[in-house]
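This report covers the nonpolar cores, the strand pairing and the aromatic pairs of one model. The sequence and structure come before the description.

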Amino acid sequence: MVVVRRRLSLQARQLLAAGLALVAFLGLTGYALDRAFAEAALNSQSERLENFAKAYLNGAEVLRSGAIVMPQVPPDPRFDRPGSGLYAGVVGEGLRWESASALGRILPPPEAGTPGMGRFDGPLQATESSGDALEVYRYSLTTIWETGRGDLELTLALYEDAGYVARQVGVFRRTLWAWLGAAALVLALVQALALRWSLRPVAGVERALADVQAGAAARLIDEHPRELQPLTESINALIDSERRNLEQVRRTLGDLAHSLKTPLAVLQSRLEAGATGDELRDDVRTQTQRMNDIVGYQLSRAARSGHALFAAPLKIEGTAEEIVLGLEKIYATKGVLAEFDIDAASRFHGELGDLQELLGNLLENAFKWAKRRVALQVTTLPAPAGKRSGVVFAVDDDGPGIAEDQIDRVLQRGVRGDERVQGHGIGLSIVQDIVAAYQGALTVERSGELGGARFVARFPPQV
């Protein structure tokens, strides 16, 4: 059993990727803010307890007897309220004092440290007056008092219920994640709308393709963002190429049918006239050969590949040399000299068969009519960004040339070999079809250098 997995659309892929990135970003942001607030709350608590400790010490007195007298008014009223969550205690040699708020509670004893250096730690385990467990943060500060009996080391400890910071962090956390969740929903909605808007041109291309397939449109419209322009241009070029190829097939079939009508009509008329024996055999042989020639010619036109999109660029010089070597053997008695002027950067973006047909027919025509010299010049046509460069082929000879009033007839479409100027056969028709298939142009001029005919085939830059 073959399981077909449905591929995600571009919009779904973008939403999934953006959603994952959004969740990761907001999650990390929320975690960082949560930890930052928790640390800030603990730092704030430490500073608050430190201020309480300094306020207690500033208001405390140690009697000559060694007894300690704490201030009547504490730094915070909660120190006088039992179970308020804020506690204070002092220990020293033979001394112990606790605030009224610590009544009935078992708190971790103050820990002596370096005099003048405070110490914040927690959460620590303590016990409520009811016996329930309690967690507190402790700030301890050790100081040295001078008394009549000598120096007295005292350690003051301030305690605060750990739930105070936990409640602050809890409130902040709930508020933070609520707002981040709301922000995530809003951003996800904005993201979806933005993606829908940004991918609308792609959907437009899809709809345009559907219209082309349904026959409602001839080609894609050109009103698309520049990122999609190469795509739409390539698709339009492909559509145009296919239509030209289809039109060429139809034209070839029409030409073939039209060409075969005459020999078939001749045979039919001979049969109706009652021709027999050798006379009929000669007519059948003649018309059959004519039909073979017509079919061969039309097949040669249909068999060539025509304009192929995205074909690999072909070097020109090697193909030209092979063709010239063959022509020099055929026309060895004339002693024609072929000269090349080929731009090394020039490339033919098409099929090898088209290049061979093009050069073969142009050069053979030049060799046929040249007296002593034939020249092939190939130059490059620069291309704008995103397109392939064009190329220009120019073939000159020093023959008699072509009369100016016959040029249009030579290049006229549909003219058969026996209808053209003497010496220019069906090869020029093939050349014209090749050039037209690549949206180029074929012109005939007078050669300024050699004096004969100059055939120029221009192939413009293509996508």
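Two strands pair if DSSP finds at least two bridges between them. Helices (H or I, at least four residues) and strands (E, at least two) are DSSP runs, numbered from the N terminus. The model is predicted: local features need pLDDT of at least 70, side-chain atom pairs count only at pLDDT 80 or more, and totals for chains, interfaces and linings use all residues. Residues are numbered from 1 along each chain as its sequence is written, and side-chain values use heavy atoms, with hydrogens and water left out.

**Strand E14 and its partners**

E14 pairs with E12 in the antiparallel sense over six bridges. E13 and E14 also pair in the antiparallel sense, over six bridges. Arginine 458 in E14 is the bridge partner of alanine 441, and valine 392 also stands opposite arginine 458. The hairpin of E13 and E14 has six residues between the strands, and glycine 451 in this hairpin takes a positive phi near 95°. Five of the seven residues of E14 are buried, so the strand is largely enclosed by the rest of the structure. Here buried means under 20% relative accessible area, exposed over 50%, and partly exposed in between (1.4 Å probe, protein chains only).

**Nonpolar cores**

A nonpolar core is a set of buried Ala, Val, Leu, Ile, Met, Phe, Trp, Tyr and Cys residues joined through side-chain atoms within 4.5 Å. The largest one has 38 residues, of which Leu359, Leu363, Phe393 and Phe459 touch the most other members. The elements that give two or more residues to this core include helix H6 (317-330), helix H7 (352-369), strand E12 (390-397) and strand E14 (453-459). H7 provides the largest share, seven residues. Leaving aside neighbours within four places in sequence, leucine 359 is in contact (heavy atoms within 4.5 Å) with Ile316, Thr319, Ala320, Ile323, Glu364, Leu376 and Phe393. A second, separate core has 21 residues, among them Leu49, Ala53, Ala60 and Leu86. In soluble globular proteins, nonpolar side chains tend to be buried together.

**Aromatic pairs**

Rings of Phe, Tyr and Trp (its six-membered ring) pair if their centres lie within 6.5 Å; planes under 30 degrees apart count as stacked, over 60 as edge-to-face and the rest as tilted.

| Pair | Centre to centre | Angle between planes | Class |
|---|---|---|---|
| Phenylalanine 37 and phenylalanine 172 | 4.0 Å | 10° | stacked |
| Phenylalanine 348 and tyrosine 438 | 5.3 Å | 55° | tilted |

Phenylalanine 37 lies in helix H1 (residues 10-59) and phenylalanine 172 in helix H2 (residues 162-198), so this pair ties together parts that are 135 residues apart in sequence. Phenylalanine 37 is partly exposed, with a relative accessible area of 27%, and phenylalanine 172 is partly exposed at 25%.

Phenylalanine 348 belongs to strand E10 (residues 348-349), and tyrosine 438 to the loop between H9 and E13, so the pair ties together parts that are 90 residues apart in sequence. Phenylalanine 348 is buried at 1% relative accessibility, and tyrosine 438 is buried at 2%. Elsewhere, ring pairs link Phe52, Tyr56, Phe79 and Trp97 into a cluster.

**Aspartate 283**

Aspartate 283 sits in helix H5 (residues 277-303) and is partly exposed, with a relative accessible area of 22%. The C-alpha atoms of aspartate 283 and leucine 267 are separated by 7.3 Å, and these residues are 16 residues apart along the chain.
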